[in-house]
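Subject: Structure handover

Hello,

Here is the structure I said I would pass on. Please open it first, then read the notes below it.

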Amino acid sequence: MRRPVSLPEFRTWRMRDGAAIRGRAWPARASDPPVTFIVLHGIQSHGGWFEYSASLLAESGCPVILPDRRGSGLNAAGRGDAAHAQQWFEDLDDLVAAERAVRPTARVAAVGVSWGGKLAAAWALRGGAPLAGLLLIAPGVFPQVDVGWISRARIGLSLLVSPTRRFDIPLNDPALFTSNPRGQEFIRSDTLKLERATARFLYFSARLDARLRRSPAAALRVPATLLLAGRDRIIRNEPTMRWLRRVSADAPFVRTFPQASHTIEFESDVSDFSACLAEWRDRCCAGALETDSSGRRSPQ
């Protein structure tokens with residue numbers, strides 16, 4: 001919705017099962033960038049919603065990738081579907097592997113927005129790629145909006161007889177995302193947004209919520225930052241803060257933007273959000289350069 005600081009290039013990554021994942025990327029401008037940033041979008045959104053924040057990360061000179069999730073946005077195949085929950089993690093692992101083939105010494109920092117926030121957190125807790133930083137923006141671990149009981153029953157039945165049957169994602173009111181009229185019109189007219197998902201996608205998504213909530217105390221060993229919208233109508237802020245503080249080995253940095261709606265990037269004034277994002281970006285880069293004991297990277 002907001003014009004990026006610099007325009008991305010469109011890229012296609014090949015996954016282990018042969019699937020092509022399309023998305024946006026900002027190539028490295030620094031000669032030896034310490035970090036590669038990966039940005040994960042929400043359940044209904046796609047990378048086109050977050051070009052502005054991704055381009056701010058790219059101002060560091062580090063590469064940024066903003067893939068559209070399989071079955072979302074630019075990826076028309078298997079629209080709104082996931083064959084299994086592990087597929088989400090495998091795709092992230094493959095994306096990182098592709099970047100490391102180019103920059104083996106660079107560490108990875110992840111940004112997850114809304115639904116992408118819970119995926120990023122689960123990926124970090126899974127302990128795959130060691131992360132230089134984790135930024136969760138209104139992550140969807142504790143939703144305010146969810147499918148009703150009747151729909152849940154239908155989803156459960158469909159899992160048995162027709163797991164690829166599609167159901168409405170209960171987020172089709174643009175006002176849930178933003179109070180900014182420009183942002184609402186952008187969402188309303190967006191032909192790439194995901195409005196329906198399969199029964200198995202929604203089931204795996206709910207299982208991911210439960211898995212995150214059961215995470216052991218201090219299990220998250222990645223420096224974590226949490227940005228919340230004070231007027232969020234999609235997620236619940238208080239349980240989100242309590243959960244992240246419990247599962248983080250080190251105290252996370254938490255910042256709430258009191259006047260913001262769920263998609264903070266769509267606010268009329270994003271100066272505070274932009275400054276916070278730039279500070280996090282710079283901390284990740286500085287921390288990666290200082291890392292030498294792990295053997296992943298030594299200061300240059």
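A residue counts as buried when its relative accessible area is under 20%, as exposed when this value is over 50%, and as partly exposed in between. By that cut-off D209 is buried, because its relative accessible area is 9%. Please keep in mind that this is a predicted model.

Salt bridges

Which residue does D209 form a salt bridge with? The partner is K118, and the closest N and O atoms of the pair are 2.6 Å apart.

Another of them joins R16 and D94, whose closest N and O atoms are 2.9 Å apart. R16 sits in the loop between β1 (9–14) and β2 (20–26), while D94 is in helix α2 (residues 86–102); the two are 78 residues apart, and the pair links distant parts of the chain. Is R16 buried or exposed? R16 counts as exposed because its relative accessibility is 52%, whereas D94, at 13%, counts as buried.

A further salt bridge is formed by R255 and D272, with 3.9 Å between the closest N and O atoms. R255 lies in strand β10 (residues 253–257) and D272 in helix α8 (residues 271–290), so here the parts tied together are 17 residues apart in sequence. R255 counts as partly exposed at 29% relative accessibility, and D272 counts as partly exposed at 48%.

There is also a network of salt bridges, which links E9, R11, E99 and R103.

The largest pocket

How much space lies in the largest pocket? The volume is about 530 Å³. The lining has 26 residues, and the closest to the centre are D146, L202, S205, A206 and D209. D209 is therefore the buried residue described above, with a relative accessible area of 9%. Helices α3 (115–126), α4 (149–161) and α6 (199–213) each supply at least two residues of this lining. Which helix gives the most? That is α6, with eight residues. By class, the lining of the largest pocket has 16 nonpolar, four polar and six charged residues.

The cavities

Rolling a probe the size of a water molecule over the atoms shows where empty space is left. In this structure there are three cavities of 30 Å³ or more.

The largest cavity has a volume of about 160 Å³. Of the 15 residues that line this cavity, L40, P67, R69, L92 and L119 are the closest to its centre. Helices α2 and α3 each supply at least two residues of the lining, and α2 gives the most, with four. The lining of the largest cavity divides into nine nonpolar, two polar and four charged residues.

The second largest cavity has a volume of about 60 Å³. Among the residues that line this cavity are W49, F50, F177 and H262. How many charged residues does the lining of the second largest cavity have? There are none: the lining has six nonpolar and six polar residues.

Regards

Note on methods:
Residues numbered from 1 in each chain as written. Predicted model: local features only at pLDDT ≥ 70, side-chain atom pairs only at ≥ 80, totals over all residues. Heavy atoms only, no water. 1 Å grid on protein atoms, 1.4 Å probe; cavity = no way out; pocket = protein on both sides within 12 Å on 5 of 7 lines; lining within 4 Å. Points joined across faces, edges and corners; volume = space filled by probe spheres on them. Nonpolar A, V, L, I, M, F, W, Y, C, P; charged D, E, K, R; others polar. Salt bridge = Lys/Arg side-chain N within 4 Å of Asp/Glu carboxyl O. Buried < 20%, exposed > 50% of the residue type's maximum accessible area, 1.4 Å probe, protein only.
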